[in-house]
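Subject: Structure handover

Hello,

Here is the structure I promised you. Please open it and keep it beside this message while you read.

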Amino acid sequence: MCQFFKDVLHMGELASGAKLTVPVYHLKGRNSHKPNSPKVYIQANMHGAEVQGNAVIFQLLELLKDIDFQGEITLVPYANPVACNHKNGEYTLGRFDPITGVNWNRMYHFDDGFIPEFVQQYSDSHKLEIETAFKQKLQQIMIDKLEHNQYGLTTGQRIAYQLQKMAHQADIVLDLHTGPISSKHLYCPEYAQQSARYFNIEHTILIPNVFDGAMDEATFCPWWTLQNEFAKQGRNIHFNKESFTVELGSQEQIDLAVAKQDATSILTYLAAKQVLVNSDFVPENMTRYACYLKDYKAFYSPMGGMVDYLAEFGKPLAAGEPLVKILRMDNYGDGDAIHYLSLDHEVLPILHFASASVNQGTELYKVFTNFFKL
Ligand SMILES: [Zn+2]
């Protein structure tokens, strides 16, 4: 039904001259040549161990063969070819650039300095004209950084900016990640809270208009800031651009059956956003919990030891109920070998550390506090 194209993107070079490449799949549906047709960008595996998004992209490609849709869908598995090959023993590392130590998902770019002048220039333009010009401007910023910068870029910036350049062509951006050992959860801009209900995901973190280097922020903060700047000038325009980080569960796992459910969840969202034509995808009935980013807390271990993770994901945990049991064999016989750790208020556990041995200060759990039903 749709047209299928495959590209290979050159992301960089290794010392030996070997090329770092990434496959890029383009699906063109109805009216894809029209400037107002929807454009969707989906990438996976920016963090090396977070591989399940590649399986979700496989299932999306399979399912979309038989689905009628408008516009264009771009799919990028293995988005970071350095991280997904970064092994140590039996584990994939790939969360931080091993050269600089920077998190691979904190290297995208956004500087809002150009937006007031842009709004002056387009103050009386039609919405579509503004959108087209703004997308071009965002892409041009990335091109300038990639091609007209004599001091060069770090390996991670070069990868991130090439991905971001593609993402800036889109109206909808999904960055597929996973936690370490984790429930499914969604990072959603506060203004798009309504859309979190279209995904079959029980936990949503609502994030403000603050850029901290991640792909979702790099692609929604510009539009949010643009909208605010127009509002300051007395013009209310809703650009309807949305970006999410979709956390698919645990790292180091490929499960094609679960990937099909996750692909269906994404298609349900795309149906609600009218990218799909005449589809019958309906969001599943489930209790969806949300909290604001400021209330999404990491619980750091007050002690070293061997951990039994007790708290289940997605079930409210009462104040005083233990999150973990910690074994300290060095204390056996002359002290406490078993320690229970709890918090003095109700929380909703979302993910925990991947290893059973922890140092003092290891991030044991991440939990929702002050959570509410969406
Ligand atoms: Zn990640």
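Helix α1 passes helix α7 in a right-handed crossing. A crossing is right-handed if the near helix is turned clockwise from the far one by less than a right angle, and left-handed if anticlockwise. Here α1 covers residues 52-64 and α7 covers residues 256-272. Their axes come within 8 Å and cross at roughly 65°. Axes are lines fitted to C-alpha atoms, for helices over the stretch in contact, and angles run from 0 to 180 degrees between N-to-C directions. Helices (H or I, at least four residues) and strands (E, at least two) are DSSP runs, numbered from the N terminus.

Before you go on, note that this is a predicted model: local features need pLDDT of at least 70, side-chain atom pairs count only at pLDDT 80 or more, and totals for chains, interfaces and linings use all residues. Residues are numbered from 1 along each chain as its sequence is written.

Back to α1 and α7. On the α1 side, the contact is made by Q52, A55, V56, F58, Q59, L60 and L63. On the α7 side, L256, A259, K260, D262, A263, I266 and L267 take part. Two residues are in contact if their C-beta atoms, placed from the backbone, lie within 7 Å. By class, this contact has ten nonpolar, two polar and two charged residues. Ala, Val, Leu, Ile, Met, Phe, Trp, Tyr, Cys and Pro count as nonpolar; Asp, Glu, Lys and Arg count as charged; the others, Gly among them, count as polar.

Next, α3 (residues 127-147) and α4 (residues 155-167). Their axes come within 9 Å and cross at roughly 155°. The two helices are therefore roughly antiparallel to each other (angles under 35 degrees count as roughly parallel, over 145 as roughly antiparallel, 65 to 115 as roughly perpendicular and the rest as oblique). The crossing of α3 and α4 is left-handed. Q139, M142, I143, K145 and L146 of α3 meet Y161, Q162, Q164 and K165 of α4. These residues divide into four nonpolar, three polar and two charged.

Now the strands. Two strands pair if DSSP finds at least two bridges between them. Strand β1 (residues 3-13) pairs with β2 (residues 19-28) in the antiparallel sense, over ten bridges. V8 stands opposite P23 in β2. β1 and β2 form a hairpin with five residues between them. In the turn, G17 has a positive phi of about 95°. β2 also pairs with β4 (residues 72-76), again antiparallel, over four bridges. There, L27 stands opposite I73.

Four bridges join β14 (residues 305-309) to β15 (residues 322-327). M306 has L327 in β15 as its bridge partner.

An open sheet of four strands also runs in the order β8-β17-β19-β13, with antiparallel pairing. Two bridges join β8 to β17 (residues 348-352), and S182 is partnered by L351 in β17.

Last, the domains. The assignment, automatic or from a database, gives domain 1 (3-286) and domain 2 (295-369). Their C-alpha centres lie 33 Å apart. Ten residues of domain 1 are in contact with nine of domain 2. β8 (181-182) and β10 (203-207) each give two or more residues to the domain 1 side.

Best wishes
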